[in-house]
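Subject: Structure handover

Hello,

Here is the structure for you to look at. Please open it alongside this email, and read my notes below it.

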Amino acid sequence: MSVYNIFNMASGEELGRYFARTLGDALDAMARTAGFEDYAEACGSLPAMQGQLMVTEL
């Protein structure tokens, strides 16, 4: 399991650190924290978000 740090470059906000097996799992966890079912739903609602996120594996 890895730790992923997700940062929104547009807002300058750290969106969280997530323990996950894959990057996709970390993005899903971040989206659920924000109230979405998964990352795909979040991107459907906020299409610009995909280009604004910086994700690093710690």
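Three strands form an open sheet in the order β2-β1-β3, with antiparallel pairing. Both β2 and β3 stand at the edges with a single partner strand each, so one side of each has no neighbour in the sheet. On average, neighbouring strands are turned by 20° against each other, direction ignored. Two strands count as paired if DSSP finds at least two bridges between them. Helices (H or I, at least four residues) and strands (E, at least two) are DSSP runs, numbered from the N terminus. Axes are lines fitted to C-alpha atoms, for helices over the stretch in contact, and angles run from 0 to 180 degrees between N-to-C directions.

Before you go on, note that this is a predicted model: local features need pLDDT of at least 70, side-chain atom pairs count only at pLDDT 80 or more, and totals for chains, interfaces and linings use all residues. Residues are numbered from 1 along each chain as its sequence is written, and side-chain values use heavy atoms, with hydrogens and water left out.

The strand pairs

β1 and β2 pair over seven antiparallel bridges. Start with S2, whose bridge partner in β2 is A20. N5 has R17 as its bridge partner in β2. N8 has E13. The hairpin of β1 and β2 has four residues between the strands, and G12 there takes a positive phi near 75°.

β1 also pairs with β3, again in the antiparallel sense, over five bridges. In this pair, Y4 stands opposite E57 of β3.

How enclosed is β1? Six of its seven residues are buried, so the strand is largely enclosed by the rest of the structure. Buried means under 20% relative accessible area, exposed means over 50%, and partly exposed lies in between (1.4 Å probe, protein chains only).

N5 is worth a click. This residue lies in strand β1. Its relative accessible area is 13%, so N5 counts as buried. Leave out residues up to four places away in sequence, and N5 touches E14, G16, R17, M54, V55, T56 and L58. Contact means heavy atoms within 4.5 Å.

The helix across the sheet

α1 lies across β1, β2 and β3, and runs at about 125° to β2. Which residues of α1 are buried? They are A26, L27, A29, M30 and A31. The buried residues of this helix pack against β1, β2, α2, α3 (49–52) and β3 (53–57). Just after α1, G35 takes a positive phi of about 100°.

The core

In soluble globular proteins, nonpolar side chains tend to be buried together. Here, the largest nonpolar core has 15 residues. I6, Y18, L27, M30, Y39, M49 and L53 have the most contacts inside it. β1 (2–8), β2 (13–20), α1 (23–33) and α2 (39–45) each give two or more residues to this core. The largest share, five residues, comes from α1. A nonpolar core is a set of buried Ala, Val, Leu, Ile, Met, Phe, Trp, Tyr and Cys residues joined through side-chain atoms within 4.5 Å.

What does L27 contact, leaving aside its neighbours within four places in sequence? It is in contact with I6, Y39, L53 and V55.

The whole protein

There are three helices and three strands. From the N terminus on, the elements run β-β-α-α-α-β. Of the 58 residues, 34% are buried. Look also at contacts between residues at least 6 apart in sequence: 34% of them join residues at least 24 apart.

Now the overall dimensions. The C-alpha trace spans about 30 × 25 × 15 Å along its principal axes. With 58 residues, a compact globule would have a radius of gyration near 10 Å, and the protein agrees, with 10 Å. That radius is taken over C-alpha atoms, and the globule rule is 2.2 Å times the number of residues to the power 0.38.

The protein exposes about 3,700 Å², and carbon and sulfur atoms supply 52% of that area. Accessible areas come from the Shrake-Rupley method with a 1.4 Å probe; for residues, only the protein chains shown count as cover.

Best wishes
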